[in-house]
There are 2 protein chains.
Amino acid sequence: RRFGDYLVSVFGPGRRTATPGHPEIEMALIELSRETGERRYLELATFFIDQRGRGWLGGGRFNSSAYFQDRVPVRDASVVEGHAVRALYLTTGLTDLYLETGDAALLAALNRQWHDLVAGKLYVTGGVGARHNAESFGQPFELPNDLAYCETCGAIASVMWSWRMVLATGHARYADLIERTLYNAILAGVSLSGDRYFYVNPLASNGEPELLSRGGCRRKEWHLVACCPPNVMRLLASIGHYLATRDAAGVQIHQYASARIATELAPGQAVALRIESAYPWEGRVRLGVEEGSSRAWTLSLRVPGWCAGASARVNGREVAPARDGAGYLRVERQWARGDTVELDFTLSAHLVEAHPWIESTRGCVAIERGPLVYCIEQADQQNAAVPDVEIDAGAPLESAWAAERLDGVALIRASGWAVDTTAWKDRLYRPVSPAPAPRRRVELTAIPYYAWANREPGAMRVWIPRGPAAAR
Amino acid sequence: RRFGDYLVSVFGPGRRTATPGHPEIEMALIELSRETGERRYLELATFFIDQRGRGWLGGGRFNSSAYFQDRVPVRDASVVEGHAVRALYLTTGLTDLYLETGDAALLAALNRQWHDLVAGKLYVTGGVGARHNAESFGQPFELPNDLAYCETCGAIASVMWSWRMVLATGHARYADLIERTLYNAILAGVSLSGDRYFYVNPLASNGEPELLSRGGCRRKEWHLVACCPPNVMRLLASIGHYLATRDAAGVQIHQYASARIATELAPGQAVALRIESAYPWEGRVRLGVEEGSSRAWTLSLRVPGWCAGASARVNGREVAPARDGAGYLRVERQWARGDTVELDFTLSAHLVEAHPWIESTRGCVAIERGPLVYCIEQADQQNAAVPDVEIDAGAPLESAWAAERLDGVALIRASGWAVDTTAWKDRLYRPVSPAPAPRRRVELTAIPYYAWANREPGAMRVWIPRGPAAAR
């Protein structure tokens, strides 16, 4: 607060005018304003935000005004651009400002930018910020795998922003992205041991150490630019805050995890729920009401975007699991202690494909199971080198719990081929051969992407080339 | 020479010790030594070269000793690494040193590095240096198309090096790479008008302007770092020097172009040849002897590596067009004025494919015709957007001379499809659909890669996805 007061004393209308070089202060000031009830912090945040778009920042060889999100005024923005963490910390602060002010032009700009993100600049893991250069967003569809930057902090910033978009709009699409990002892009940023960190999170690795412009396959204990490790710690420590919201109408569950949720819908209207689930390994979620309240209220349950089929039972009685326009299953009743809701989200391994305009995923598929994106890592393959692998997209995927592997994961087994690349020795290009390359059948074992790089260094890939349909 | 003398007075054993940060001086000093016959310039070059590998250079955040080719001693080097132009200017100077000294360890190291280049770090255009970051070589198989750096100067450095490897070994593989690089990577660096230049030469473009980390589709009149434009001018002005060599045994033709070659095999043994050809548009080359010499000598003619079939006639009589182990057709006789050699290299458009480990070319083919690599640019497509295009790899390719287009080029027409991507609107990933994406037949028109970006800005790609075999 003293720091906030100091900032207010230095910057603002009639005082110094400046645009912060790394957005963060906006959300901090708005939060301080909420805590203290004092508008001057909010006003200073607004002042900083309204300075943007004058191109005061940037101009160096590498750092343009786009890098600093200073190219266009915030309400005119239509794309996420420049330094990814800066960009999404700013949109996070802007969403906070919208939540305080209801400024419709701001929300419209935020929606345009969020759409730009998910329709062109998002990795399947939820990772953001494709480029090593300037740690920035690339152009739409510029999403290389081996050269992906995907800074852990970028993914965290994405969650922070989407969370506020949940608050602003109540739409499940934002909670879906939070889930995808948490379980994949962010969780991969920290080792299973919890004490080693990735700054850069590639979606493919040749098993070589980290080098300039290319992520490695070994997490480090610390980083020179030390943002990611504490940011991961902070996020994981505050994960409970992302599970649910409440308003006068009831409670909204956005993420599923074993938890106890206790709140008041209104003064004296305490409610409490217990959630039990082996999610994301299983799609079954059990909610038990521990405290009801004297009036009817609505329990809103997100139906995950990845979920192709769901069923729901309230006190053992089947209810239609239809999601509404916002992506939630709503059950309104006068909840009483002992009431139960059982959700069953169909959770089976399946293949996903990527937009044909993305160069790095062409002809490839990725394996997903529930919110988890999978990868194949060399350590799990019996007799195939990861770079040579192709998957048989027509063969079934089989899941099996492996308690001993990687602290316990559901493995996925797929059928595929190992392509014989010996004929390619010493050259990169050759006339197209009418004969298909020699290949042999292999079984592939996939692990959740978050768990990679916890064993000996080795090649890894999320996107797996599809074998020839004719070879089946 | 005064500058050379000054350098010799400052640097060397017992004087100052240093490693040049940007190799170039090595070849300059050796050339000066050749011109003047004074060994001290050669000795200083040797001194500079032998300092390398001590890691004196580098150590900053971005510029490692590998960036400066100062990681390992030159005779221990096995890979091309770091800043591409620096790396290849150094290997060029090292090859000069080998040519002066016959140091076998040096040639062995150069061969290892050349192999590392062509087996893992070379674009199909001959372009080198995949990364924008540090303008450097990537790891093997790291060859993105849209994000390719491929600095024009890197390609020029590659030609300079390979030329000296021709001199050192007499093998056609180096002349093949020179040809590929000249006609594609380098020639694309300058506009048809001759006054606009690319620094960065991507192999795919979305038609957007140049941005940090991504090449554009408009050449510039000049560049802030002004190496490429004059380097192109110098190379094109000296192109005649790369066509042929002579030794006591005869004349070796390495590149085909209409030209007159006059030399002396020995004092008083003048020979002269005239070469006429519409190469690279046509595979026919006619050599006429204008001056013979009194003794027999060998005319060596490179059979291009791209050439699947060739025929040769001497004075109208068919001779076996077999290339020897070095890749040359050799004809020894007492050549007389009026003798003719007619070569016919089968030159037809064909598809090439890339090593399966390269991410950016997976499932794609490129079109080549003779030494020219082709691309499809939006301006030539009638009813298909370049990003949506697939090629029918089973359909014939048809070449047609278009005198009016792009100062005269052989166009190549292919059959393919335009994929309907409307179902992808607003998302990047989706469950794999068993049904093939809707697509319609289109005709594709390809132009030589060197000629792209000379009309209105538009998308371009060298590597074209193969359509589904089943759709044929």
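**Before you start**

Residues are numbered from 1 along each chain as its sequence is written, and chains are lettered from A in the order in which they are written. Because the model is predicted, local features need pLDDT of at least 70 and side-chain atom pairs count only at pLDDT 80 or more, while totals for chains, interfaces and linings use all residues; side-chain values use heavy atoms, with hydrogens and water left out.

**Stop 1: the two chains together**

Colour chain A and chain B separately. Two copies of a chain are related by a rotation about an axis and a shift along it. Here, a rotation of 180 degrees with 0.0 Å of shift along its axis places chain B on chain A, with an RMSD of 0.0 Å. That is how a two-fold axis relates copies.

Now select S360(B). Among the residues of chain B, S360(B) comes closest to the rotation axis, with its C-alpha at 2.7 Å. The copies meet through the same surface, because 98% of the interface residues of chain B are also interface residues in chain A. Contact here means heavy atoms within 4.5 Å.

**Stop 2: helix 8**

Select residues 228–237 of chain A, which form helix 8. Helices are DSSP runs of H or I with at least four residues, strands are runs of E with at least two, and both are numbered from the N terminus. Which residues of helix 8 of chain A are buried? They are C228(A), P229(A), N231(A), V232(A) and L235(A). Seen down the axis of helix 8 of chain A, these buried residues fall within an arc of 165 degrees, so they line one face of the helix. The arc is taken from the directions from the helix axis to the C-beta atoms. "Buried" means under 20% relative accessible area, "exposed" means over 50%, and "partly exposed" is in between (1.4 Å probe, protein chains only).

Show the neighbours as well: the buried residues of helix 8 pack against helix 4 (84–101), helix 6 (152–169) and helix 7 (172–186) of chain A. Then hop over to chain B, where the buried residues of helix 8 are C228(B), P229(B), N231(B), V232(B) and L235(B).

**Stop 3: salt bridges**

Side chains of opposite charge can pair when their charged atoms come close. A salt bridge is counted when a side-chain nitrogen of Lys or Arg lies within 4 Å of a carboxyl oxygen of Asp or Glu. That rule gives 66 salt bridges over all chains.

Select E100(A) and R34(A), whose side chains form a salt bridge at 2.6 Å, N to O. This pair links distant parts of the chain, since E100(A) sits in helix 4 and R34(A) in helix 2 (residues 25–36) of chain A, 66 residues apart. E100(A) is partly exposed at 37% relative accessible area, and R34(A) is partly exposed at 33%.

In chain B, select D96(B) and R164(B), whose closest N and O atoms are 3.0 Å apart in a salt bridge. D96(B) belongs to helix 4 and R164(B) to helix 6 of chain B, so the pair ties together parts 68 residues apart in sequence. D96(B) is buried at 1% relative accessibility, and R164(B) is buried at 12%. Back in chain A, salt bridges with shared partners join E31(A), R34(A), D96(A), E100(A) and R164(A) into one network.

**Stop 4**

Select Y279(A) and P280(A): the peptide bond from Y279(A) to P280(A) is cis, with omega near 5 degrees. P280(A) lies in the loop between strand 5 (270–277) and strand 6 (284–291) of chain A.

Move on to N315(A), which has a positive phi of about 50 degrees although it is not a glycine. N315(A) sits in the loop between strand 8 (310–314) and strand 9 (317–319) of chain A.

Finish at D407(A), where phi is near 65 degrees, a positive value in a residue other than glycine. D407(A) is exposed, with a relative accessible area of 63%.

How values were computed:
Least-squares fit on C-alpha atoms with pLDDT ≥ 70 in both.
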